[in-house]
Amino acid sequence: MADPLSNSAHHSRDPADDGDFRRPEVTEQVQRHYWLPTPDPDARAFVRHAFRGRRWESQSSDTTVCGKQVAMAKPNEMDWCTAPTCLECNGILVGEQRGSPGES
Ligand SMILES: [Zn+2]
């Protein structure tokens, strides 16, 4: 004379709990990026571009998120204050964070 209602309720609760535990940490898989003011060859002024990676590793040059090869140097505070943010880099990163990679 088991109660079928309570039995099924108990049975259906386990998979839900299990699903919560196994939910992967999705944010860890988002590509890291950092911003650095660099001398832009086109603008002939400092522009704050985004780069792939966790942080600048003192390399002398790298490719920006928007696809430019730029020279890198340790920026001073003036550079951080005066360099405008690259709108192309910003737009690409915003698009990626919306979860539509590959669409342009
Ligand atoms: Zn850029």
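Me: What share of the contacts with a separation of 6 or more comes from residues 24 or more positions apart?
Reply: It's 43% of those contacts in the protein. Contact here means heavy atoms within 4.5 Å. Keep in mind that this is a predicted model, where local features need pLDDT of at least 70 and side-chain atom pairs count only at pLDDT 80 or more, while totals for chains, interfaces and linings use all residues. Residues are numbered from 1 along each chain as its sequence is written, and side-chain values use heavy atoms, with hydrogens and water left out.

Me: Ok, how many helices and strands does the protein have?
Reply: There are 3 helices and 4 strands. Along the sequence they follow the pattern α-β-β-β-β-α-α. Both are DSSP runs numbered from the N terminus: helices are H or I with at least four residues, strands are E with at least two.

Me: Which residues hold the zinc ion?
Reply: His-49 (ND1), Cys-66 (SG), Cys-86 (SG) and Cys-89 (SG) coordinate the zinc ion, at 2.1 to 2.3 Å. Donors are N, O and S atoms within 2.8 Å of the metal (3.2 Å for Na, K and Ca), and water is not among the atoms, so sites may look incomplete.

Me: And what are the angles like at that site?
Reply: They run from 103 to 114° among the 4 donor atoms, and the site is tetrahedral. Four donors get that label if all angles lie between 85 and 135 degrees.

Me: How are the donor residues spaced in sequence?
Reply: The spacing is H-x16-C-x19-C-x2-C. His-49 lies in strand E2 (residues 45–52) and Cys-89 in helix H3 (residues 87–97), so the pair ties together parts that are 40 residues apart in sequence.

Me: Is Cys-89 buried or exposed?
Reply: Cys-89 counts as buried because its relative accessibility is 0%. Buried means under 20% relative accessible area, exposed means over 50%, and partly exposed is in between (1.4 Å probe, protein chains only). His-49 is buried too, and so is Cys-86, at 7%.

Me: With those cysteines around, how many disulfides are there?
Reply: The count is 0, where a disulfide is a pair of cysteine sulfur atoms within 2.5 Å.

Me: New topic: which residues make up the largest nonpolar core?
Reply: That core has 7 residues: Val-47, Ala-50, Val-65, Cys-66, Cys-86, Cys-89 and Leu-93. E2 and H3 are the elements that give two or more residues to this core. Apart from it lies another core of 5 residues, among them Tyr-34, Phe-51, Val-70 and Met-72. A nonpolar core is a set of buried Ala, Val, Leu, Ile, Met, Phe, Trp, Tyr and Cys residues joined through side-chain atoms within 4.5 Å.

Me: What about Thr-38, where does it lie?
Reply: Thr-38 lies in strand E1 (residues 33–40) and is buried, with a relative accessible area of 0%. Leaving aside neighbours within four places in sequence, Thr-38 is in contact with several residues, including Phe-46, His-49 and Met-72.

Me: Last one: how many salt bridges does the structure hold?
Reply: There is 1. Arg-52 pairs with Glu-96, with the closest N and O atoms 2.8 Å apart. The pair links distant parts of the chain, with Arg-52 in strand E2 and Glu-96 in helix H3, 44 residues apart. A salt bridge is a side-chain nitrogen of Lys or Arg within 4 Å of a carboxyl oxygen of Asp or Glu.

How values were computed: Four donors count as tetrahedral if all angles lie between 85 and 135 degrees; four count as square planar and six as octahedral if opposite donors are over 155 degrees apart and all others between 65 and 115; anything else is irregular.
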